[in-house]
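Good morning, and thank you for the time. I shall take the helix packing to begin with, then the pocket, and then the confidence of the model.

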Amino acid sequence: LALRSMLQKELPKPPGRFSLVSLRPVWPYALALIGINLLAAALNHIDKILLGGLLPLAEFGHVVMAMAVVGGLSVAVAPVYNAAFADLASIPHHNARPAAAQYHAHAHTIALTVLPAAATLHLLAPTALFAWTGDRSLASAVAPIASIWILGTAMNGLGHVPYALQLAH
């Protein structure tokens, strides 16, 4: 409430009032985005729900630890995705050449950010997990799960720039 109050004092008054009617032309797009985001949320969590019910607690703990290791890759993807979407959305739709240049620049950035880290984690998963936990048996149990999860997360990360282009368009 304090932030809202401060913003209302500092920002200029809007030229008109909010109108639901003005949103009518973008409703199909908005509904599609809602659907995409609901599906993405379901896909991001269905594995945990299924595995939580199928695996014994100790093995599920190994999966959760692998996810925690892989979470670092997702943290690296978000800023590149945000920058890509902002840049691509600012380019008019009819200007294909600047959009292609921005797309390729961001695709290279995300590849150079994600792929070396993913390759290193994939190849050195047992060592990285042992360095983190100090438990060799835990590291050897979690490493195969983490190695596979790392590859999937890297591929998912590479798909963020095309998704940003799709949303921007």
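Helices H4 and H7 are roughly antiparallel to each other (an angle over 145 degrees), because their axes cross at roughly 150°. Those axes, lines fitted to C-alpha atoms over the stretch in contact, with angles from 0 to 180 degrees between N-to-C directions, come within 9 Å. The crossing of H4 past H7 is right-handed, the near helix being turned clockwise from the far one by less than a right angle. Helices here are DSSP runs of H or I, at least four residues, numbered from the N terminus.

This is a predicted model, in which local features need pLDDT of at least 70, side-chain atom pairs count only at pLDDT 80 or more, and totals for chains, interfaces and linings use all residues. Residues are numbered from 1 along each chain, and side-chain values use heavy atoms, without hydrogens and water.

What is the mean pLDDT of the chain? The chain averages 88, and 100% of the residues score at least 70, on the predictor's confidence scale from 0 to 100.

As for the pocket, H2, H3 (57-89), H6 (136-158) and H7 (160-168) each supply at least two residues of the lining of the largest one, a lining residue having an atom within 4 Å of a point on a 1 Å grid where a 1.4 Å probe fits, in an open set with protein on both sides within 12 Å along at least five of seven lines.

Notes
Angles under 35 degrees count as roughly parallel, over 145 as roughly antiparallel, 65 to 115 as roughly perpendicular and the rest as oblique.
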